[in-house]
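Have a look at the sequence and the 3D structure below. Take a moment to turn the model around before reading on.

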Amino acid sequence: MKTQIKIPLFDLNYDEEEENEILSTIRSKWISIGPQNEKFENLFSEMIGVKYAIAVSSCTGALHMAMRSLNIKEGDEVICPSLTFVATTNAIKFVNAQPVFCDIESLEHPTIDPNHIRSLITEKTKAILVMHYAGFPCNMDEIVQICNEYNLKLIEDACHAPLSKYKGKTIGGQSDIACYSFFSNKNISTGEGGMLVTNNHIYKNKAKLLRSHGMTSLSYERSKIYSNGYDVIELGYNYRMDDMRAALGIAQLHKLKNDISKRIEHRKKYIELLSELDEIIIPFKDHIEYCSNYIFPIVLKDSNYIERGGVRYQLSKNGIQTSIHYPAIHLFGIYNHNGVYLPKTEYFSSTEITLPLYAKLSEDDLKYVSDNLKNAIVKVRKGHRIYNSERK
Ligand SMILES: *Cc1c(COP(=O)(O)O)cnc(C)c1O
């Protein structure tokens, strides 16, 4: 039996504004990288408060370009979380460097643990790559301090964290390079897309070259004036964003603050509704600083992936879509051969459930999800365990 989705995990915040942006871009007859890209990049760098923003076709591309721009290569080690999307650490492998997996601080603060980072540093360590889980910042003071002490580069996977603040400053400017994603279900949606930001003009120039085949000029620039041709001075890629997506990005940036305000309200309501549920941990529960609230994760206490499967199955039977952020990367087939053991990451990734979070949720929706979560936990703990959802 196929159940109807009543409350999806995410709902796209699109309306006439996106339609109009797309239409005017199509009518302009310039649809590849061009004026909309420039406008989107300028808006983005201003919003984050960094010198340079480079729009790209995905965050995966941005992360790859970050590795290349920082000259990370074979023989280098990069310390990174395992509790993130696999693209974060794949980027390290793209340049034949070695990801060195680091545990999270705790179930309440599932971001990379600075103390564990210190214990993983070797002569080969070249960089630290962090990810701000759900938009909540890593312990950046400690991490920046470690980078200064050991002369390491710092890269932020800021996919979850557009506009999130850390001690009063917008996330993204404290590292060498920060990367964002505009995949459909992110805070800013363009279908596919991403952004690389930096304050360093050398990294900016290198990333711009890598984005477009290592060529010294773009066809958009050449179309403006008489062109003397171009040289190719790096082994580059095609990681360009087209102007239709950049136009969608512009419309999305206009909406971002409102969208985040709604998410902040919804998170507060969820926390209120779930406050008496002793069986769960709400990560970052007491966090008060401005946060993008990309997702709303909860963790089951004293539990395991089988019980988690049962709870998710009960929720799905009532039309509530949930997700898992994330399966631990160090246990994936292509990564799982060094016997790495990360107890907190492994517990978190076996018992975390991501509940629906998006601007258009109503109070009734939030209550429906919360009530169903409570009932599901009771039902599963009573022994009505249903494993089918995990069995596939
Ligand atoms: C979405 C996401 C990515 C990948 O972004 P793409 O734009 O799809 O390449 C990488 N890291 C994190 C943490 C993400 O959430």
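## Around the ligand

Keep in mind that you're looking at a predicted model. The ligand has a shell of 15 residues, and the closest ones are Cys-59, Thr-60, Asp-157, Ser-181 and Lys-186. Helix H3, which runs over 59-69, and helix H4, at 86-94, each bring at least two residues to the shell.

Now zoom in on oxygen atoms of the ligand. Thr-60 has an N or O atom in its side chain sitting 2.5 Å from a ligand oxygen. How much of the ligand does the protein cover? On its own the ligand has 380 Å² of accessible area, and the protein covers 93% of that.

## A helix with a kink

Next, find helix H9, residues 243-273. It's 31 residues in length and spans 43 Å from its first C-alpha to its last, which is close to the 45 Å you'd expect at 1.5 Å a residue. Where is the kink in H9 centred? Look at Lys-255: the helix kinks there by about 45°.

The N-terminal end of H9 has a cap, and the residue doing the capping is Asp-242. One of the side-chain oxygens of Asp-242 lies 3.0 Å from the backbone nitrogen of Met-244.

## A three-stranded sheet

Three strands line up as E10-E11-E12 in an open sheet, with antiparallel pairing. Strand E10 (280-281) and strand E12 (352-355) are the edges, so to speak: each of them pairs on one side only.

Let's follow one of these pairings. E10 meets strand E11, residues 296-300, in the antiparallel sense over two bridges. Ile-281 is the residue that stands opposite Val-299 in E11.

Is the peptide bond from His-325 to Tyr-326 cis or trans? It's cis, with omega near 5°. You'll find Tyr-326 in the loop between helix H10 (305-317) and helix H11 (343-351).

The other spot to check is Ala-134, which has a positive phi of about 65° even though it isn't a glycine. Ala-134 is in a loop too, between strand E4 (125-131) and helix H6 (140-150).

Note on methods:
Residues are numbered from 1 along each chain as its sequence is written. This is a predicted model: local features need pLDDT of at least 70, side-chain atom pairs count only at pLDDT 80 or more; totals for chains, interfaces and linings use all residues. Side-chain values use heavy atoms; hydrogens and water are left out. A residue is near a molecule or strand if one of its heavy atoms lies within 4 Å of it. A polar contact is a pair of N or O atoms within 3.5 Å; within protein, one must be able to donate a hydrogen and the other to accept it, and residues adjacent in sequence count only if both atoms are side-chain atoms. Accessible areas come from the Shrake-Rupley method with a 1.4 Å probe; for residues, only the protein chains shown count as cover. Helices (H or I, at least four residues) and strands (E, at least two) are DSSP runs, numbered from the N terminus. The expected span of a helix is 1.5 Å times one less than its number of residues. The bend at a residue is the angle between axes fitted to the seven residues ending there and the seven starting there. Two strands pair if DSSP finds at least two bridges between them.
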